[in-house]
Amino acid sequence: MAISIWWVRRDLRLADNQALSAACAEGGQVIPLFILDPRLLGSQYAGEKRQAFLIDGLRSLDADLHRIGSYLVLRRGEPAEELMRLMGETGAGEIYAEADHSPYARSRDARVANQLPLHLLPGLTLHAPGAVVKADGSPYTVFTPFSKAWKNLSAPASPLAAPGRLSTPPGIPGEEIPHLPEVSIPFTAGEQAACRRLEEFLSAGIQTYAVDRNYMDLEGTSGLSPYLRFGMLSARQAVHATWRTEANALDPGSRQGAETWLNELIWREFYINVLFHFPRVRRGAFRQELNGVRWLNNEEDFSAWAEGRTGFPVVDAAMRQLTATGWMHNRARMITASFLTKDLLVDWRWGERFFMQHLVDGDPAANNGGWQWSAGTGTDAAPYFRVFNPVLQGKKFDPRGAYVRRWVPELVKVPDAYIHTPWEMPVEVAQALGFKLGETYPAPIVDHALARQRVLAAYRV
DNA sequence: TGAAATGTTGGGGCG
DNA sequence: ACGCCCCAACATTTC
């Protein structure tokens, strides 16, 4: 009987999995395999929390597989070697995997495909990179036309059901799923948790999503990014469910929310396309003339940013949220990215790497796209002169300072009027609170108005 | 998916 | 009653 390998990479789900379905379609037995790749685990972009989430996801996937008569085989090593070894041990003849388009994934898969029968299936995105292009075949570099073209393509097929049973040869040796030290992540890994979160979001959060997602003091975002990152939820499942919600929505809020959320999913596909067509953005600016920006790259400024002690409450709250939980509100990501690149004049790649090291949802394409957008170096980038004012952003999107107080306990007692500008607190107010600028909370490490002039000059050059 | 600088308008105080 | 000034509110331009 034919045996094939389902090589799991970032598609930790049984439902709507085209690679798994293709492996099943062979009609024989299927070996679900995950390979811990030292090159990825040891990369400077690897993150402890993301790894913990992945490991939890593998444990959950293994449990789901047991329910349908199968189990996950875990190996560690160079993928091509491990695949070859497993094929030798079991007589497996074909390998099925979901295509991944990051530069590393492409070179890895090309190497495997050179030696072994690897079949790559779509599923990471609804429309494969290269499918959404201009009439002349060239890629889009601006989001809005990309999203229009994306929406004009014929609707993708409905999500596939999970297999009801999976036959796997018994007793294949593999590494035990590691037990990592407990890390605190506000996300439960696994396909079921992903489904629950999606249902919850579409039944409630979506109504106010278009507006509330901007507020850092609310839980107005979908909270689905880690699941999409590891394919515990497929983009196609998310989009189809969103379409259903939109079609059934009676209130304009839900329709608007569904439309806005769909656009966020298209941003994800956009950046996957950008990295696919322009792999060089991983190393440098998409707008190559901006590779000449003379960054200040002050190590102490960078540390203050990373550790959440810049003296700007919203920036500090956001960075502490990131390092404490492995997640950061999207607006806070834009604010902190703008602050690092524009106010501190630190190379966006430093921030990109730091985010990858801490984000549970860290994805090479989306993270790079977001950072280059903020730095103004990317495709469809924010113009270089678009400099976020951290105080105004705080006042607008954390109006009562709840987000700041949650993550910066030193400021808990500061009155609303000064929560985003503690340095403006009158002496008698500060004294009454036992608040000492520069002691109980840092003084701002830059003067925003001066920093703004500085970065405008640096980019003009 | 900005913010600051600059320009315009119009109401009200005042001589 | 009228012109002048101030300035808030809003609009436009610029970075």
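# Reading domains, a sheet and a DNA surface

Mentor: Start where two domains meet: 16 residues of domain 2 are in contact with 19 residues of domain 3. Keep in mind that this is a predicted model.

Trainee: Fine, but where do the domains run in chain A?

Mentor: The domain assignment puts domain 1 at 3-123, domain 2 at 125-157 + 191-277, and domain 3 at 288-460.

Trainee: Which helix gives the most to the side of domain 2 that touches domain 3?

Mentor: Helix H11 does, with 5 residues. Helix H9 (225-229) and helix H11 (252-277) each supply at least two residues there. Sorted by class, that side of domain 2 has 9 nonpolar, 4 polar and 3 charged residues.

Trainee: Now the sheet. What is the order of its strands?

Mentor: Read a sheet from one side to the other. Here it goes E3-E2-E1-E4-E5, an open sheet of 5 strands with parallel pairing. Strand E3 (73-76) and strand E5 (118-121) are the edges, each pairing on one side only. From one strand to the next, the twist averages 30°.

Trainee: How many bridges join E1 to E2?

Mentor: There are 6 between strand E1 (residues 3-8) and strand E2 (residues 29-36), and the two run parallel.

Trainee: Helix pairs next. At what angle do the axes of H4 and H5 cross?

Mentor: For a helix pair, look at distance, angle and handedness. The axes of helix H4 (residues 79-90) and helix H5 (residues 103-115) come within 9 Å and cross at roughly 35°. The crossing is right-handed. On the H4 side you'll find Pro-79, Ala-80, Leu-83 and Met-84, which meet Arg-108, Arg-111, Val-112 and Gln-115 of H5. That contact divides into 5 nonpolar, 1 polar and 2 charged residues.

Trainee: Last one: which residues are around DNA strand B?

Mentor: List the neighbours, then sort them by class. Around DNA strand B sit Trp-267, Met-334, Ala-382, Phe-385, Arg-386, Val-387, Phe-388, Asn-389, Leu-392 and Gln-393. The surface near DNA strand B divides into 7 nonpolar, 2 polar and 1 charged.

Terms used: Residues numbered from 1 in each chain as written. Chains lettered and ligands numbered in written order. Predicted model: local features only at pLDDT ≥ 70, side-chain atom pairs only at ≥ 80, totals over all residues. Axes fitted to C-alpha atoms, helices over the stretch in contact; angles between N-to-C directions. Helix = DSSP H or I, 4+ residues; strand = E, 2+ residues; numbered from the N terminus. Left-handed = near helix turned anticlockwise from the far one by under 90°. Contact = placed C-beta atoms within 7 Å. Nonpolar A, V, L, I, M, F, W, Y, C, P; charged D, E, K, R; others polar. Near = placed C-beta within 6 Å. Pairing = 2+ DSSP bridges. Domains from an automatic or database assignment.
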